[in-house]
Amino acid sequence: TVGHTLDDAMSNLQQQLAEKLYLGHLQIVIINDEVAKEGMDVINDFLKRNYEVRRTAWMVISEDVASDVLEAAPPIETVPALYLSETLENAARLGQLPTEYLGKFWVDLEEEGVDAKLPLVKVLEKERILINGLAFFNGEKMVGTMTPIEIGAYLAMREKNPGGYPIAVSSKDGEVYLVESLKRDSKIKVNVKNGQPKAFIDVEIDSSIDEEIGANDLSKQKVDELEQEASRVAGERFEETLKKWQEKESDILGLGGRVRAFYPKYWDENVKTDEKWAEVYKKMTIKVNVKYRIKHAGMQWK
């Protein structure tokens with residue numbers, strides 16, 4: 001059914017049914033990206049007020065018409081909503097997506113110094129769902145998207161495990177290796193000096209060599225070289241991703257929340273609001289250091 005608002009659409013749907021609508025089994029809410037860019041406050045308000053809506057439901061952003069995503073499912077699946085929610089659950093279980101349930105999204109929206117994010121999906125051949133990245137927000141409005149590789153950077157900086165997302169690394173001899181992350185460790189520190197907040201992020205990633213192309217060298221010297229190159233490549237990608245968030249004034253790492261917690265006097269005197277923090281965050285110095293450690297190199301054929 002359709003309506004001018006979500007409440008209006010639900011009322012119209014109720015008129016077509018003999019029994020009262022029950023939202024306790026709601027699995028997924030799909031929002032078109034154009035709607036998300038205008039602001040989610042009206043939609044969130046309706047869902048929050050309905051006590052039947054569970055906070056463990058998923059909310060996702062769609063680049064397609066939202067109804068197309070809801071109708072997409074493989075022929076063997078009888079309940080499209082269950083297929084969609086299981087796709088998201090499995091991605092989170094494999095370390096390729098943060099567990100961003102509806103309740104977590106609302107918590108991030110309400111917390112000062114923290115911005116929210118939601119999974120971004122796309123329909124493939126009217127039957128399959130591609131998790132196409134993450135949409136990130138400034139307040140209630142969607143302001144940008146992340147690619148799957150940038151999701152890996154976010155998960156590493158937030159120490160979300162298990163690891164996922166491999167990176168391709170080239171050696172000095174032109175050989176290509178695929179390095180897969182296994183476990184992520186991260187430490188985020190903030191400080192305020194001379195009235196200017198700064199953040200330092202140290203990331204350590206335990207990894208394995210999944211594949212080698214055009215090479216047959218897994219010596220310790222080669223592994224050490226690959227560790228250094230993987231650290232360099234990942235470090236550049238992490239910095240690019242951070243700049244992207246800063247340009248859009250979206251603090252999805254929650255650095256503002258850390259500043260508010262550890263330096264409350266600075267926050268109360270100089271920041272006070274999320275709007276002011278967005279201005280400070282945009283110009284904030286953020287340093288990230290990434291270190292790869294290859295724990296498994298596999299076998300070498302003779």
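Of the 302 residues in this chain, 46% count as buried. The model is a predicted one. Keep the whole chain in view before selecting anything.

**The whole chain**

Show the chain as a cartoon and you will find 11 helices and nine strands. Along its principal axes, the C-alpha trace spans about 70 × 60 × 25 Å. Switch to a surface: the chain exposes about 16,400 Å², and carbon and sulfur atoms supply 50% of that area. Next, colour the side chains by charge. There are 41 positive and 53 negative side chains, and the centres of the two sets lie 7 Å apart. Contacts also say something about the fold. Among contacts between residues at least 6 apart in sequence, 67% join residues at least 24 apart.

**Stop 1: helix α6**

Select residues 102–110, which make up α6. Which residues of α6 are buried? They are Leu102, Gly103, Phe105, Trp106, Asp108 and Leu109. Now display what lies over these buried residues: the cover includes α3, β2 (58–62), β3 and β4 (128–138).

**Stop 2: Asn44 in helix α3**

Move to α3, residues 41–49, and select Asn44. Is Asn44 buried or exposed? It counts as buried because its relative accessibility is 1%, and the cut-off for buried is under 20%. Show its surroundings next. Not counting residues up to four places away in sequence, Asn44 touches Met59, Phe105, Trp106, Leu109 and Glu140.

**Stop 3: a negative patch**

Select Glu111, Glu112, Asp268 and Glu269, which form a negative surface patch. Zoom in on Glu112, which is in the loop between α6 and β3 (117–124). Glu112 is partly exposed, with a relative accessible area of 32%.

**Stop 4**

Side chains of opposite charge can pair when their charged atoms come close. The count of salt bridges in this model comes to 19, and the next stops visit some of them.

Begin with Lys37 and Glu34, whose side chains meet in a salt bridge of 3.8 Å, N to O. Both residues lie in helix α2 (residues 33–38), three residues apart, which is about one turn of the helix. Lys37 is partly exposed at 41% relative accessibility, and Glu34 is partly exposed at 45%.

**Stop 5: a buried pair**

Select Lys222 and Glu175. They form a salt bridge in which the closest N and O atoms are 3.2 Å apart. Lys222 lies in helix α8 (residues 220–247) and Glu175 in the loop between β6 (167–170) and β7 (176–193), so the pair ties together parts that are 47 residues apart in sequence. Check how covered the two residues are: Lys222 is buried, with a relative accessible area of 4%, and Glu175 is buried too, at 12%.

**Stop 6: strands β8 and β9**

Select Glu204 and Arg293. How far apart are the closest N and O atoms of their salt bridge? The distance is 3.0 Å. Glu204 sits in strand β8 (residues 196–213) and Arg293 in strand β9 (residues 285–296), so this pair ties together parts that are 89 residues apart in sequence. Both residues are partly exposed: Glu204 has a relative accessibility of 31% and Arg293 one of 23%.

Asp206 counts as buried, at 13% relative accessibility. Leaving aside neighbours within four places in sequence, Asp206 is in contact with Glu180, Ser181, Leu182, Lys183, Arg293 and Lys295. Finish with a distance in the viewer: the C-alpha atoms of Asp206 and Lys183 are separated by 5.1 Å, although the two residues are 23 apart along the chain.

Terms used: Residues numbered from 1 in each chain as written. Predicted model: local features only at pLDDT ≥ 70, side-chain atom pairs only at ≥ 80, totals over all residues. Heavy atoms only, no water. Patch = residues over 30% accessible without salt bridge, like charges linked within 9 Å, V, L, I, M, F, W, Y side chains within 5 Å. Areas by Shrake-Rupley, 256 points an atom, 1.4 Å probe, with all protein chains shown as cover. Salt bridge = Lys/Arg side-chain N within 4 Å of Asp/Glu carboxyl O. Lys, Arg positive; Asp, Glu negative; His and termini not counted. Charge placed at Lys NZ, Arg CZ, Asp CG, Glu CD. Helix = DSSP H or I, 4+ residues; strand = E, 2+ residues; numbered from the N terminus. Buried < 20%, exposed > 50% of the residue type's maximum accessible area, 1.4 Å probe, protein only. Contact = heavy atoms within 4.5 Å.
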